[in-house]
Amino acid sequence: MKRRLELLLPLLAACAHTAPPATTPNPPAVEISTPRRAWWKQVVVYQVYPRSFQDSDNNGVGDLRGIVSRLNYIKSLGVDVVWLNPVYQSPNDDNGYDISDYRAIMPEMGTMADFDSLLQGLHRRGIKLVMDLVVNHTSDEHPWFQQSRSSRTNPYRDFYHWWPAERGTPAKRWSFFDEEGSAWRYDSTTQAFYLHYFSRKQPDLKWENPRVRREVYDIMRFWFDKGVDGFRMDVIPFISKDTTFPPLPAAYHGDYVAYYAKGPKVHEYLQEMNREVLSKYDIMTVGEGGGVAVEDALKFVAEDRHELQTFFQFELVDHWGRRPGNWLYPDSSNRSLPALKGIFTKWDSVFATSGWGTVFLGNHDQSRMVSRYGNDTPRYRNASAKMLQTLLLTMRATPYIYDGDELGMANIRFTDIRDYRDLMTINYYNRLKREGGDLREFLAGQAELSRDNGRTPMQWSADSNAGFTAGVPWIRINPDYRMVNVAAEERDTGSVLHYFRRMIQLRKSEPLLVYGKYQLLDRENPEVFAYTRSLQGRTLMVALSFSAKGGMTALPAGYTSGKILINNLASSPLQGTRLELGAYQAVVLELTRD
Ligand code: NOJ
């Protein structure tokens with residue numbers, strides 16, 4: 001199906017849109033600072049990790065037909081967009097983030113016909129589909145790389161970054177996943193090193209070559225012409241490199257990630273991509289913005305730059321509870337609510353007049369949000385998961401909810417390296433073992449932070465394997481599935497799942513929660529995160545207790561009462577103009593002045 005914007009325009013005039021209101025002109029009397037409206041600002045995105053969502057053929061791996069069988073559930077949540085992690089042909093060194101054919105579906109996930117029925121099934125239900133675009137690197141099994149590595153004169157040689165060995169060892173580049181830590185890998189066939197910021201099986205494409213860029217744009221058109229509604233762009237700030245590969249400049253103080261995100265031509269390439277492809281379709285874009293500093297944010301997303309619409313910033317997830325400078329190890333002392341508020345507030349202000357933000361607390365690269373930011377003990381899991389959902393759905397940014405977080409799924413906390421499937425954990429473990437490091441300390445840290453915590457299968461029911469598969473699951477299922485699962489939560493109106501649906505309905509019924517001005521209250525309060533959202537004379541207050549001790553705060557000056565719109569606990573926290581919040585209580589109030 002052709003969906004280029006120019007073809008769509010007459011259609012849009014003729015028929016009603018099934019999705020949220022499409023780009024609408026600015027309404028008249030809106031506060032000056034109110035951002036321009038757009039459908040992709042109003043949506044709630046649900047991330048589906050396909051390997052772990054639903055297995056339909058009992059090989060232990062989730063697949064496309066499995067997702068199709070769960071479309072009514074997804075619809076019932078009230079979400080508008082599904083973001084699907086990669087399902088393309090891949091040897092799965094990094095669970096699909098190593099692509100060997102961008103126009104094919106990996107057999108474990110099904111066929112292109114299955115993909116088409118997923119897309120149609122979503123569209124029939126008024127839900128859009130965002131795919132992952134992984135073009136900083138390919139798999140080493142991609143035909144381009146196979147050609148490229150075969151000889152120095154192959155026409156594809158220049159699709160990747162090569163450093164001939166006769167020039168000596170190239171300047172250090174750090175790799176996220178490599179067992180030796182180096183992003184340069186020697187290849188004896190042509191006696192040269194190739195660059196791979198991620199694993200050895202993920203060589204970096206050379207965007208400086210215009211043929212590479214043309215290929216990428218063609219791939220994007222292929223999927224847009226099929227009807228997909230957008231891309232989440234994997235590590236997109238990393239695509240441009242200084243191809244002289246100098247030593248890391250001292251100004252970066254050893255921070256390779258920040259350096260990778262500041263390639264000399266990243267904006268030139270994104271503008272070209274926008275001109276050639278993105279601007280021609282009515283779609284949404286979100287870049288994975290690792291390494292992008294707050295002062296560079298608008299370069300990627302300000303409207304007049306014509307690059308991306310939004311990106312994910314990682315300041316919160318990179319720091320909260322992690323050891324400074326080394327995010328493989330936890331540090332529970334490195335958690336302060338005022339610091340967390342500061343991060344949200346700072347990023348809100350960046351997009352106050354231009355661009356647009358996103359908000360997330362979990363994804364396939366993070367441990368579970370309730371375990372990390374809330375409290376997953378039986379007593380507090382329910383309240384704290386709801387509290388975090390309230391935060392995600394009341395921010396001025398497009399919210400992304402990771403599958404399972406609508407249930408309050410928690411970390412599995414593996415203790416045995418043999419349970420892990422993530423190459424990042426396994427490769428660091430092997431390296432540490434070789435170097436005689438402290439393996440117990442490492443495993444204790446991974447139990448809290450490993451990406452596999454977020455990748456255990458979706459918990460559908462109390463049946464065997466949580467209803468995920470009748471085979472052997474590719475990764476162990478969290479044993480708490482007997483309590484925490486969709487079927488049980490459907491039956492219980494007080495469940496995290498029921499609250500999630502109500503919270504989504506609240507966001508959807510209140511454009512104020514999308515566009516309204518955000519103002520932080522009670523900045524230094526160590527237990528309560530409180531803020532207001534206001535638009536056109538109305539003000540809502542959100543108060544969130546991040547503590548098992550509850551917390552106190554007050555209505556902002558000038559307001560005398562508040563009407564509770566949603567509350568995750570049975571009791572009202574309002575005592576006159578004071579709020580006495582219970583453990584992990586979350587409320588949204590409409591404020592009045594009398
Ligand atoms: C970010 C993805 O989210 C992650 O899962 C992947 O390992 C790396 N990029 C490399 O593609």
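**Close-up 1. Asn92, a buried residue with a positive phi in a predicted model.** At 18% relative accessibility, Asn92 counts as buried, a word used for under 20% relative accessible area, with exposed meaning over 50% and partly exposed in between (1.4 Å probe, protein chains only). Although Asn92 is not a glycine, its phi is positive, at about 65°. Asn92 is placed in the loop between strand S3 (88-89) and strand S4 (101-105); strands (E, at least two residues) and helices (H or I, at least four) are DSSP runs numbered from the N terminus. The model is predicted, so that local features need pLDDT of at least 70 and side-chain atom pairs count only at pLDDT 80 or more, whereas totals for chains, interfaces and linings use all residues. Residues are numbered from 1 along each chain as its sequence is written, and side-chain values use heavy atoms, with hydrogens and water left out.

**Close-up 2. Phe245 in its loop.** Phe245 lies between strand S9 (230-233) and helix H8 (256-260), in the loop that joins them. Its phi is near 45°, a positive value in a residue other than glycine, and at 6% relative accessibility Phe245 counts as buried.

**Close-up 3. The packing of helices H5 and H7.** Helix H5 (residues 112-124) packs against helix H7 (residues 210-226) at an angle of about 55°, with the axes 11 Å apart; the axes are lines fitted to C-alpha atoms over the stretch in contact, and angles run from 0 to 180 degrees between N-to-C directions. H5 and H7 are therefore oblique to each other, the term for angles that are not under 35 degrees (roughly parallel), over 145 (roughly antiparallel) or 65 to 115 (roughly perpendicular). Met112, Phe115, Asp116 and Leu119 of H5 make the contact with Phe222, Trp223 and Lys226 of H7, where contact means heavy atoms within 4.5 Å.

**Close-up 4. Gln446 in helix H16.** Gln446 is found in helix H16 (residues 439-449) and is buried, with a relative accessible area of 3%. The side chain of Gln446 makes a polar contact with the side chain of Thr425 (2.7 Å); such a contact is a pair of N or O atoms within 3.5 Å, of which, within protein, one must be able to donate a hydrogen and the other to accept it, and residues adjacent in sequence count only if both atoms are side-chain atoms. Leaving aside neighbours within four places in sequence, Gln446 is in contact with Leu328, Tyr420, Thr425 and Asn453.
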